[in-house]
Amino acid sequence: MIEKEGDGKAVVAFLGPEASYTHQATLSAFPPSSHYTLTPFLTIAAVFSAVQSGAALRGVVPFENSSNGSVVATLDLFADIPNTCPDILVCGEAYVRVSHCLLGHAQQRKLAVNGSAKSSDAAPDISGIRTLYSHPQAWGQCTAFLAARFPDTERIDVSSTSRAAQLVAQDASGASAAVSNAAAAALFNLDVLARGIQDRQDNCTRFLVLRKRDADSDADSATQADGGGHGTVDMATEQKNQPKEPAHLKSLISFTLAQDHDHDHNADNPGALAHALAVFARHGLNLSSINTRPSGVENWNYVFFVECTGMSRGKKVGKEEEKMIEKEEKNIEDEEKKIEEEEKKIEEEEEQEEEDEKKRGGRRSAEPAAVSAALAELRGVCRGCMWLGSWRGGNMTGSAPIR
Ligand SMILES: O=C(O)C(=O)Cc1ccccc1
């Protein structure tokens, strides 16, 4: 079994080195356990590859930040999934509070106090810093601090905030600093030159947990959604850490729109995106995020990523019903009420099923039927439509300590 290390433990891959925010997210989703071992990888692409190849049973990658938006490197890997990692699915998420620090080698400025030089309570001297290292996401989260203190300083993008700290630790000149975190300062023996330098104190990043499509049960599009536990290794702890509430299922779906062009090479498919998004509404699925990235296939063609939330048991929509829903769309309030009631019924059904399954002592297969039905319809109005996984929505947690 390639996904187990020599010690028999399953590998959970994360964007490292250790002490990255992704490491903190990984620790909160996979607390120390005898079932798995956490292994750092140097890039987000390497985490995807490790899961795809089976070298890792799970992978953890950054997905979006509350103040700076999407992690484009992750979205681009999802966009390229059909070519590079066709079996990757999302099976969970973790939130981490992000408090950035400026790390470097402190050069204490000697301040004259009553004629004598006193250095102990002096502010670190940052005037000698010529180069800043960090993950591209971090710059956009610390705009005010960087504009005030380092308006003209060269910035070098690196693969993670802990990698930035590692590089600065290797530069003994003291001319470089990293936008990183306190755990990385401790790990790489750096000084914290400034703390809490992010623009917003409630700064938070969402991370996704990846798994590999199960050849049997994920054969079609949307067939599994219980946050993991489908590997050949016992991931009982991971299961336990999947929040039970809220019960809403999140799903990630990607699609591209058919490309018609007018004479000026502008996309000429009026209403195409609206039609695609209306499919989700018809199936009672709320959209919680929409992202877009260039498809890489041709200029000005995009991959759309939609996250939707909805209960795992949906109702198949037939022709008759579709007509009825179309009429009902005129009265949004009525429709919303109906969906609410429907969801309540579904929830009750789900609870009952869960109970029954428990009594049978078996594992519950939570098939997101509403998502399956939406995907089937979406295929009629879009190109390259893909289910990228379903999972139980996570709660905001603090960052787990690095040991
Ligand atoms: O995990 C890290 O350390 C990263 O570099 C990704 C990142 C960057 C900024 C905020 C959260 C995660």
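This dialogue reads a few features of a predicted model.

Q: How are two packed helices described?
A: The angle between their axes and the distance between those axes describe the pair. Here, the axes of helix H10 (residues 272-282) and helix H13 (residues 369-381) come within 9 Å and cross at roughly 160°.

Q: What does that make H10 and H13 relative to each other, parallel or antiparallel?
A: Angles over 145 degrees count as roughly antiparallel. H10 and H13 are therefore roughly antiparallel to each other. The crossing of H10 past H13 is right-handed.

Q: Which residues in H10 and H13 meet?
A: From H10 come Ala276, Val279, Phe280 and Arg282; from H13, Ala374, Glu377, Leu378 and Val381. By class, the residues of this contact are six nonpolar and two charged, with no polar ones.

Q: Which residues surround the ligand?
A: Among them are Ser20, Tyr21, Thr22, Pro62, His135 and Thr161.

Q: Which atom of the ligand lies 3.0 Å from tyrosine 21, and which part of tyrosine 21 is involved?
A: A polar contact is a pair of N or O atoms within 3.5 Å. For tyrosine 21, a backbone N or O atom is 3.0 Å from an oxygen atom of the ligand. Threonine 22 instead places a polar side-chain atom 2.6 Å from a ligand oxygen atom. For threonine 161, an N or O atom in the side chain is 2.5 Å from an oxygen atom of the ligand.

Q: Where is proline 17, and is its peptide bond from glycine 16 cis or trans?
A: Proline 17 sits in the loop between strand E1 (10-15) and helix H1 (21-29). The bond from glycine 16 to proline 17 is cis, with omega near 0°.

Q: What is the phi of alanine 19?
A: Alanine 19, found in the loop between E1 and H1, has a positive phi of about 80° although it is not a glycine.

How values were computed:
Residues numbered from 1 in each chain as written. Predicted model: local features only at pLDDT ≥ 70, side-chain atom pairs only at ≥ 80, totals over all residues. Heavy atoms only, no water. Axes fitted to C-alpha atoms, helices over the stretch in contact; angles between N-to-C directions. Helix = DSSP H or I, 4+ residues; strand = E, 2+ residues; numbered from the N terminus. Parallel < 35°, antiparallel > 145°, perpendicular 65-115°, else oblique. Left-handed = near helix turned anticlockwise from the far one by under 90°. Contact = heavy atoms within 4.5 Å. Nonpolar A, V, L, I, M, F, W, Y, C, P; charged D, E, K, R; others polar. Near = heavy atom within 4 Å. Polar contact = N/O pair within 3.5 Å; in protein donor to acceptor, adjacent residues only side chain to side chain.
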